[in-house]
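Please look at the sequence and the model before reading the points below.

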Amino acid sequence: GALLAIVWLMMVKVPLTPPAGKRQSMWKNIMEGWNYMRGNPVIMSQVGMYFFAYFAMQASSSFMPIFADILGGRERGYSLLQAAPGFGAIIGLVTLATMGDFNRKGLYLFIAVITMTLFTALFSLSPIFILSLFLLIVAGAMNNTYMAVNATIIQTAVDDKLRGRVMAWREIAFGLAPTSGLLTGWIAGYMGPTKNEGVPKALLLMSLIFLAIIT
């Protein structure tokens, strides 16, 4: 898959970067992106929602071994739980591709991120393995389609000269999102005497907080 992506990238013809753009420092480029977003609330909200959506999804992924133990799935169950969001992502992206260019993308983003966060919260409460798989599949589908539409909106709305600088902030959000595991683990330590009790409660709390922020 990675090899195929490299071949595709080699086929893309991109104009050379002007010398003036090359001389500009990395920090200046980043701050230009920040200043642009600060003056454009729509783009700022898209980057912010991307962070919170990915942050919430990563919180569940970090503690999947514990949920596998809670649900009695053990090694095979852990593999299925880990694969479920990816399977949902494939379904979601294929469905999104068949829809083509559609209107009201903002409404779709809102529904997708609400559904993903709500299903993550329900996953933290689920005592049934099959139900947990279903919840993760739906959450994975909503997460990946949200990411795709979010990127489309940002890249089509931002001026060509600043697109890379704005997308850099999106990637910074992507890099920070895995710290959700650290935060969830810290909260879990206060939510229950054992990890099997504390982690589900912490994930539920995190999901509800993100749901409140997003709405």
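Helices (H or I, at least four residues) and strands (E, at least two) are runs assigned by DSSP and numbered from the N terminus. On that basis, the protein chain has eleven helices and zero strands. The model is predicted, and therefore local features need pLDDT of at least 70 and side-chain atom pairs count only at pLDDT 80 or more, whereas totals for chains, interfaces and linings use all residues. Residues are numbered from 1 along each chain as its sequence is written, and side-chain values use heavy atoms, with hydrogens and water left out.

**The chain as a whole**

- Read from the N terminus, the elements of the protein chain follow the order α-α-α-α-α-α-α-α-α-α-α.
- A residue is called buried under 20% relative accessible area, exposed over 50%, and partly exposed in between (1.4 Å probe, protein chains only). Of the 215 residues of the protein chain, 43% count as buried.
- Accessible areas come from the Shrake-Rupley method with a 1.4 Å probe, and for residues only the protein chains shown count as cover. The protein chain has an accessible surface of about 12400 Å², and 70% of this belongs to carbon and sulfur atoms.
- Contact means that heavy atoms lie within 4.5 Å. Among contacts in the protein chain with a separation of 6 or more, 75% involve residues 24 or more positions apart.

**Packing of helix 3 and helix 4**

- Two packed helices are described by the angle between their axes and the distance between the axes. The axes are lines fitted to C-alpha atoms, for helices over the stretch in contact, and the angles run from 0 to 180 degrees between N-to-C directions.
- Helix 3 packs against helix 4 (residues 41-62) at an angle of about 115 degrees, and their axes are 6 Å apart. Helix 3 is therefore roughly perpendicular to helix 4; angles under 35 degrees count as roughly parallel, over 145 as roughly antiparallel, 65 to 115 as roughly perpendicular and the rest as oblique.
- On the helix 3 side, Trp34, Tyr36, Met37 and Arg38 meet Pro41, Ile43, Met44 and Val47 of helix 4.

**Salt bridges**

- A salt bridge is a side-chain nitrogen of Lys or Arg within 4 Å of a carboxyl oxygen of Asp or Glu. The count by this rule is two salt bridges.
- Arg165 and Glu32 form a salt bridge through their side chains (2.8 Å, N to O). This pair links distant parts of the chain, since Arg165 is in helix 9 (residues 163-176) and Glu32 is in helix 3 (residues 26-38), 133 residues apart.
- Arg165 counts as buried because its relative accessibility is 18%, whereas Glu32 is partly exposed at 26%.
- Glu171 and Arg170 also meet in a salt bridge (3.9 Å, N to O). Glu171 is partly exposed, with a relative accessible area of 41%, and Arg170 is buried at 7%.

**Selected residues**

- Thr120 belongs to helix 7 (residues 105-125) and is buried, because its relative accessible area is 2%. Leaving aside neighbours within four places in sequence, Thr120 is in contact with Ala56, Met57, Ser60, Ala139, Leu203 and Ser207.
- Asn196 lies in helix 11 (residues 195-214) and counts as partly exposed at 28% relative accessibility. The C-alpha atoms of Asn196 and Asp69 are separated by 8.0 Å, although these residues are 127 residues apart along the chain.
- Not counting residues up to four places away in sequence, Asn196 touches Ile66, Asp69 and Ile70.
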